[in-house]
Amino acid sequence: MAGLAPLEAGYRRIRVAPVIGGGLTSASVRIETPFGPAASAWTLSGESVRLTVTVPAGTEADVDLEGETHTFGPGVHEVTAPLRAR
């Protein structure tokens, strides 16, 4: 549900593609990688969703949220997107 998966060996590149809905209003996951913790957490708020992604040093994350794609380097990043019709 929180959508965190490796794109390259050892989590050097990470994919974040949360599955929004299913009766849930939030979900989160934290994984220890060889580079440090990687995390993804989303929360519904009205007609939008807020996603917080933690990307370890020395890695990158490809983030897909409600049809919008972003690439982030190390650090903590927040993205808000309107909910698509379901």
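**Overview of the predicted model.** Of the 86 residues in the protein, 36% are buried, where buried means under 20% relative accessible area, exposed over 50% and partly exposed in between, with a 1.4 Å probe and protein chains only. This is a predicted model, in which local features need pLDDT of at least 70 and side-chain atom pairs count only at pLDDT 80 or more, while totals for chains, interfaces and linings use all residues. Residues are numbered from 1 along each chain as its sequence is written, and side-chain values use heavy atoms, with hydrogens and water left out. The secondary structure comprises zero helices and eight strands, helices (H or I, at least four residues) and strands (E, at least two) being DSSP runs numbered from the N terminus. The radius of gyration of the protein is 12 Å, close to the 12 Å that the globule rule gives for 86 residues, so the protein is as compact as a globular protein of that length; this radius is taken over C-alpha atoms, and the rule is 2.2 Å times the number of residues to the power 0.38. Along its principal axes, the C-alpha trace spans about 35 × 20 × 20 Å. The accessible surface comes to about 4700 Å², of which 52% belongs to carbon and sulfur atoms, as computed by the Shrake-Rupley method with a 1.4 Å probe, and for residues only the protein chains shown count as cover. Among contacts between residues at least 6 apart in sequence, 39% join residues at least 24 apart, a contact meaning heavy atoms within 4.5 Å.

Four strands form an open sheet in the order 1-2-6-7, with mixed pairing; two strands pair if DSSP finds at least two bridges between them. The edges are strand 1 (4-6) and strand 7 (68-72), each of which pairs on one side only. On average, and with direction ignored, neighbouring strands of this sheet are turned by 20 degrees against each other, the axes being lines fitted to C-alpha atoms, for helices over the stretch in contact, and angles running from 0 to 180 degrees between N-to-C directions.

**Close-up of strand 2 and its two partners.** Strands of a sheet pair through backbone hydrogen bonds, either parallel or antiparallel. Strand 2 (residues 13-16) pairs with strand 6 (residues 60-65) in the parallel sense over four bridges; here Arg13 stands opposite Glu60, and Val16 has Val63 as its bridge partner. Strand 1 and strand 2 run antiparallel and are joined by three bridges, with Pro6 standing opposite Ile14. The covered face of strand 2 carries Ile14 and Val16, whereas Arg13 and Arg15 belong to the uncovered face.

Six residues separate strand 1 from strand 2 in their hairpin, and Gly10 in the turn has a positive phi of about 70 degrees. Most residues other than glycine have a negative phi, and most peptide bonds are trans. Glu66, which is not a glycine either, has a positive phi of about 50 degrees. Glu66 is found in the loop between strand 6 and strand 7 and counts as buried because its relative accessibility is 12%.

His77 is placed in strand 8 (residues 75-82) and counts as buried because its relative accessibility is 18%. Its side chain reaches the backbone oxygen of Gly73 at 2.8 Å, a polar contact being a pair of N or O atoms within 3.5 Å, of which, within protein, one must be able to donate a hydrogen and the other to accept it, and residues adjacent in sequence count only if both atoms are side-chain atoms. Not counting residues up to four places away in sequence, His77 touches Leu51, Thr52, Val53, Val55 and Phe72.

**Close-up of Pro56 and its surroundings.** Pro56 lies in the loop between strand 5 (48-55) and strand 6, and its relative accessibility of 4% is why Pro56 counts as buried. Leaving aside neighbours within four places in sequence, Pro56 is in contact with Ile14, Thr33, Phe35, Gly36, Pro37, Ala38 and Pro74.
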